Amino acid sequence: MNKYILSAAVSLLVAFTSCTSSRPIAQVSGDSILSTNKLKNYVNYFNAVDSEYTFNYVLNKDAYGWLSQNIPLFECPDTTLEKIYYYRWWALRKHLKETPDGFVFTEFITKVNHAGKHNTVSSGLGHHIYEARWLRDPKYVNQYVDFWLHVDPKTPKPHLRAFSSWLQNAIYNLYLVHHNKDFILKNISVLHEDYQQWEKDKQLPNNMFWQYDVRDAMEESISGSRKDKNMRPTINSYMYGNAVAMTKMADALGIDSFKRIYEPKAQLLKKLVHDSLWDSNASFFKVRHPNGKLNDAREAIGFIPWYFNLPYDRKEYAVQWEQIRDTTGFDAPWGLTTAERRHPLFRTHGSGHGCEWDGPVWPYATTQTLKALSNLLTNYKNKNSMTPEVFYDELHTYAWSHQKNGKPYLGEYQDEKTGYWLKGDNPRSSYYNHSSFADLIINDLVGLKPREDNVVELYPLVPEGKWDWFALDNIPYHGRNLSIVYDKNGTKYNKGAGLFIYADGKQIYKGNKLQPVKAKM
């Protein structure tokens with residue numbers, strides 16, 4: 001279809017839909033399971049040990065009030081997970097800025113030279129959207145998306161495509177939480193143009209995509225380059241995920257023209273990633289260089305295809321995951337490394353002098369790998385030895401790594417043996433907003449799987465027998481307010497024994513076990 005005709009058709013749909021539908025903010029029910037007392041205690045502690053040297057939209061003194069209105073409440077027997085859940089929300093609001101162009105989230109708490117307008121950087125954009133989609137008031141994340149799609153392109157030096165991104169995928173997953181069709185309808189043409197520009201700039205004649213490691217926000221990697229057009233699991237997985245998301249958004253909106261465009265793109269990329277990036281000898285997805293050779297290093301980017309459910313559901317691919325439990329692979333005392341520890345070039349590019357992705361632990365990559373592992377456990381039959389226990393242990397280690405000098409901390413990247421944050425006391429590294437965590441609790445550990453229809457789906461990854469109780473409360477979902485409660489003995493919350501789901505205070509599910517569930521609202 002001619003792009004001008006397509007644009008006009010979408011504009012008409014926007015006008016019509018805007019007049020006929022609106023997605024309200026989920027109201028907090030008077031029947032909330034959890035009080036805000038724990039949140040208040042955590043915020044008071046975080047404020048007390050903090051040096052507030054940057055002031056954005058929500059100051060420390062206002063953090064409790066803003067968070068109590070905007071985040072889902074969570075409690076569980078694992079105090080490390082619980083504390084860092086609240087710490088990450090507390091840190092995220094430090095990056096929320098109100099600007100003449102609407103609300104935005106920053107990546108660095110201090111000004112950095114490579115940032116765009118309002119100190120924005122697009123490298124962590126997918127993580128930002130996945131995390132902020134769980135805020136009760138969607139205006140913050142919606143305006144942030146609007147900034148990137150409608151304001152940034154008009155700046156003298158646009159920054160949106162300065163880094164690879166799974167933007168379309170993240171926006172579709174934002175839509176699944178708040179179910180705002182107006183929002184995706186308003187933006188689908190711009191997202192289509194963005195995808196086309198990536199094809200123009202980064203697509204090779206063989207239909208695969210190339211990228212410099214620094215433009216993947218993963219510079220100084222073992223396999224990477226700042227001059228070679230390497231085919232990387234990163235950008236090819238992102239573009240696959242974006243194509244799938246465009247197909248699903250088109251389907252939700254009834255725009256068959258977009259669906260016909262993106263379905264074959266996704267199918268082709270899925271096949272090409274297997275054909276071009278899979279090393280059958282090493283049993284791993286790897287980087288392929290312009291000379292046609294696969295790099296000899298296993299790197300954490302090889303797990304990214306599962307973030308988008310790209311790999312075929314076969315044992316030959318699932319065996320790759322054994323590497324995260326191998327101490328010569330990616331298993332290190334302070335988390336998952338970004339390259340296999342056995343490789344001769346592991347940790348050879350320096351220590352904190354730049355931003356080395358040759359082995360240190362990066363929260364950015366840990367988030368991607370844990371989401372990928374969650375997808376393997378949730379959506380695949382072939383899992384090899386991967387279990388919810390493996391996911392839980394790695395998530396707990398990730399939470400535990402959020403420390404510096406005995407206090408909660410989030411920086412850029414860490415020594416895998418000592419936990420030392422390799423940027424030291426550089427202020428730019430503090431509260432580094434380049435990953436997500438709360439989303440891993442909500443979407444993966446507790447396992448709330450947002451859907452297009454009016455169904456609440458739960459696929460918890462809490463290992464059997466690990467917890468006797470937990471609660472996730474005041475979750476915004478399709479304009480409703482959800483509560484998820486598990487009480488093995490019925491003595492913690494006094495609502496009976498078992499698993500319960502509530503929508504606006506009304507019970508929609510009760511079961512005896514903590515297990516996968518589908519309940520209609």
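Helices and strands here are DSSP runs: a helix has at least four residues, a strand at least two, and both are numbered from the N terminus. The model on your screen is predicted.

**Stop 1: the whole protein**

Show everything as a cartoon. The protein has 15 helices and 16 strands. Its radius of gyration is 22 Å, close to the 24 Å that the globule rule gives for 521 residues, so the protein is as compact as a globular protein of that length. The C-alpha atoms fill a box of roughly 65 × 60 × 50 Å along the principal axes.

Of the 521 residues, 63% count as buried.

**Stop 2: the open sheet**

Select E1, E12, E13, E14 and E15. These 5 strands form an open sheet in the order E1-E12-E13-E14-E15, with antiparallel pairing. Strand E1 (73-75) and strand E15 (506-511) stand at the edges with a single partner strand each, so one side of each is left without a neighbour in the sheet. Look along the sheet: the twist averages 15 degrees from one strand to the next.

Zoom in on residues 469-477, strand E12, and residues 480-487, strand E13. They run antiparallel, joined by 7 bridges. Which residue of E13 is the bridge partner of Ile475? Pick Leu482.

What holds such strands together? Strands of a sheet pair through backbone hydrogen bonds.

**Stop 3: helix H15**

Select residues 438-445. Click through the helix to find Leu440, Ile441 and Ile442 among the buried residues, along with Asp439 and Asp444.

Step past the helix to Gly447. This residue follows H15, and its phi is positive, near 90 degrees.

**Stop 4: the hairpin and its neighbour**

Select residues 448-449, strand E10, then residues 455-458, strand E11. The two strands pair in the antiparallel sense over 2 bridges. They form a hairpin, with 5 residues between them. Leu448 stands opposite Leu458 in E11.

Show the side chains of E11. Val455 and Glu457 point one way, while Val456 and Leu458 point the other way. All four are buried.

E11 and E16 run antiparallel, joined by 4 bridges. Where does Glu457 find its bridge partner in E16? At Lys518.

Technical notes. Residues are numbered from 1 along each chain as its sequence is written. This is a predicted model: local features need pLDDT of at least 70, side-chain atom pairs count only at pLDDT 80 or more; totals for chains, interfaces and linings use all residues. Side-chain values use heavy atoms; hydrogens and water are left out. Two strands pair if DSSP finds at least two bridges between them. Axes are lines fitted to C-alpha atoms, for helices over the stretch in contact, and angles run from 0 to 180 degrees between N-to-C directions. The radius of gyration is taken over C-alpha atoms; the globule rule is 2.2 Å times the number of residues to the power 0.38. Buried means under 20% relative accessible area, exposed over 50%, partly exposed in between (1.4 Å probe, protein chains only).
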